[in-house]
Amino acid sequence: MDSDVKEEIPVHEEFILCCGVETQVLKCGPWTDLINDQSANRPKLLIFIITDPNAQEIKDIYGLRGQIEHKLAFLRTHVPKKMKLVVIGHSIGCYISLQILKHGPELPIIRSFLLFPTIERMSVSPNGKIATPLLCWLRYALYIPIYLLLKPWPVNIKSLMVRMCLRMMNLQISSEYLFLNMLEPSCLVNVAYLASQEMMEVVKRDNETIREHLSKLTFYYGTKDAWCPKEYYEDMKKDFPEGDIQLCEKKMPHAFVLHFYQEMASMVADWLKDDLSKIEY
């Protein structure tokens with residue numbers, strides 16, 4: 001985790017069936033079959049990252065409740081019951097992280113980092129006031145141009161558009177696969193559907209769950225975040241003065257993954273290093 005140590009971290013992409021849907025899993029580090037591998041080399045800790053998304057089948061799998069149940073099912077099905085867990089959430093992933101703590105009390109979660117957390121009052125946030133009418137009232141009208149404009153485009157045209165957008169945003173990303181998926185009409189429709197539910201359901205902060213698990217939680221708010229403005233940070237500090245509730249001093253935006261991913265990764269690694277030194281396995 002030291003900044004002066006550089007090593008090649010193996011990254012493996014895999015698609016599994018979870019809750020009846022094909023699920024993309026990115027595995028970083030010496031990943032093994034955690035359930036069947038009982039060797040001494042099997043990792044003792046799993047870091048589970050829930051980004052701003054995307055057994056029995058789950059009803060409404062692309063809705064907010066379905067996404068929460070999907071993550072719970074993955075942890076219960078593909079991770080050994082006694083394996084320690086660290087959960088990192090970003091944006092709506094923070095809301096999902098809290099719901100995992102609430103509905104998965106049997107999961108051995110020892111730490112949870114909530115980065116730029118959209119866990120309350122989304123529809124009345126500065127961005128929410130703009131997004132809510134579009135997503136909740138005009139969503140179906142948006143579907144028509146999405147399908148008419150994007151469906152006929154061949155892959156090479158979509159790839160060209162992605163490269164142009166990445167160049168305009170000054171992003172150096174080796175793979176266009178993820179961004180090409182975002183130009184698929186079905187993907188955009190699912191994103192809009194999930195976002196509309198977020199506007200309607202992420203209203204009141206779950207103080208009961210936060211209070212119960214406060215010692216495990218770190219909240220990291222932005223100074224200029226139009227999804228969770230600074231007043232949300234101030235309210236959290238007032239309601240939970242003993243909690244680890246921090247305000248970003250590095251002027252990172254809500255979408256830090258575009259330009260500040262290295263800074264954020266180093267910071268979280270330092271937090272985690274301090275915590276792991278105090279944890280008995």
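How are H3 and H7 oriented to each other? The views below are of a predicted model, in which local features need pLDDT of at least 70, side-chain atom pairs count only at pLDDT 80 or more, and totals for chains, interfaces and linings use all residues. Residues are numbered from 1 along each chain as its sequence is written, and side-chain values use heavy atoms, with hydrogens and water left out.

**View 1. Packing of helix H3 (residues 126–137) against helix H7 (residues 185–201).** The axes, which are lines fitted to C-alpha atoms over the stretch in contact, lie 9 Å apart at an angle of about 125 degrees. H3 and H7 are therefore oblique to each other; angles under 35 degrees count as roughly parallel, over 145 as roughly antiparallel, 65 to 115 as roughly perpendicular and the rest as oblique. Gly 128, Ala 131, Thr 132, Leu 135 and Cys 136 of H3 meet Ala 192, Ala 195, Ser 196, Met 199 and Met 200 of H7.

**View 2. The largest nonpolar core, with 51 residues.** Such a core joins buried Ala, Val, Leu, Ile, Met, Phe, Trp, Tyr and Cys residues through side-chain atoms within 4.5 Å, where buried means under 20% relative accessible area, exposed over 50% and partly exposed in between (1.4 Å probe, protein chains only). Ile 210 and Phe 219 are among the residues with the most contacts inside this core.

View 3. Leu 148 counts as exposed, at 62% relative accessibility.

Methods: Axes fitted to C-alpha atoms, helices over the stretch in contact; angles between N-to-C directions. Helix = DSSP H or I, 4+ residues; strand = E, 2+ residues; numbered from the N terminus. Contact = heavy atoms within 4.5 Å.
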